[in-house]
Amino acid sequence: MRWYYCGMRSGSASAGARNSPGLSELAEQVSACRRCPRLVAWREQVARERRAAFAAQEYWGRPLPGFGDPCARVLLLGLAPAAHGANRTGRMFTGDRSGDFLFAALWRCGFANQALSRDREDSLHLTGAWITAAVRCAPPANRPTPAERERCLPWSVAELKLLSEVRVVVCLGGFAWDAALLLMRALSEPDAVPLRPRPRFAHGAELERGRYRLLGCYHPSQQNTFTGRLTESMIDAVLVRARGLADTSR
Ligand code: SF4
């Protein structure tokens, strides 16, 4: 029996997951996680104190499950939720400038039905893509520690095992790239033995690990997009490449 079908649209934080029992259960477990004391304290403090512009809003204030198409062939791996972005709205990359840039690119490249990403009820749907992050709680100064990344890794392992159609992982920044390398090892991909030297992150870098292809892309942070380090055409080229690889992979 199939519980969901490929190409099914999914918009809210766990809309895709709701239609797949495994992903739904995982989303519930992730959103209750308290393994990292520093991040738990920070995400909850931010949710209590709030930014003045969002004072009337109820912040999510919990870990973020991934969201998107359960039959996605392309997975986008970010760094961590932003304190007043995803930690507020409860959906990855939603509610801040990074998300505005990313979802506009996903829309231009045919992975999203709209460029707008405002909140969990904004009718955004993804097709062929799933968005998640190396660390699922908002970190102070947007800087999770390597130990927090390792502690959060089992959630990504469990998620990727359930997303059995994924073949391409777009790593948004060097932190996500390193997390993806750890993820490949944890999944025991046949040729995912430790690489010496460790493959370095670069925009446009590609690496084959078992059945997965990793693609490097600068993170769509304001620091990168405002300075022109990451332009619309640069991120579009990565997404088009990801789609091409996904379409031709077994
Ligand atoms: Fe749990 Fe990950 Fe959040 Fe740590 S960062 S508390 S492991 S969800």
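Me: Which residue is the bridge partner of Val170 in S6?
Reply: The bridge partner of Val170 in S6 is Leu215. This is a predicted model, in which local features need pLDDT of at least 70, side-chain atom pairs count only at pLDDT 80 or more, and totals for chains, interfaces and linings use all residues. Residues are numbered from 1 along each chain as its sequence is written.

Me: How many bridges join S4 to S6?
Reply: Five bridges join strand S4 (residues 168-172) to S6, and the two run parallel. Strands (E, at least two residues) and helices (H or I, at least four) are DSSP runs, numbered from the N terminus. Two strands pair if DSSP finds at least two bridges between them.

Me: Is S6 buried or exposed?
Reply: Strand S6 (residues 212-217) is mostly covered, with six of its six residues buried. A residue is buried if 20 or more other C-beta atoms, placed from the backbone, lie within 10 Å of its own. Tyr212, Leu214 and Gly216 are buried on one side, and Arg213, Leu215 and Cys217 are buried on the other.

Me: What is the order of the whole sheet?
Reply: The open sheet of six strands has the order S1-S3-S2-S4-S6-S5, with mixed pairing. Strand S1 (67-68) and S5 stand at the edges with a single partner strand each, so one side of each is left without a neighbour in the sheet.

Me: Why does the length of H3 agree with what a helix should span?
Reply: At 1.5 Å a residue, the 13 residues of H3 (residues 37-49) should span 18 Å, and the end C-alpha atoms are 18 Å apart, so the two agree. The expected span is 1.5 Å times one less than the number of residues. Just after H3, Arg50 takes a positive phi of about 60 degrees.

Key: Buried ≥ 20, exposed ≤ 12 C-beta atoms within 10 Å, placed from the backbone.
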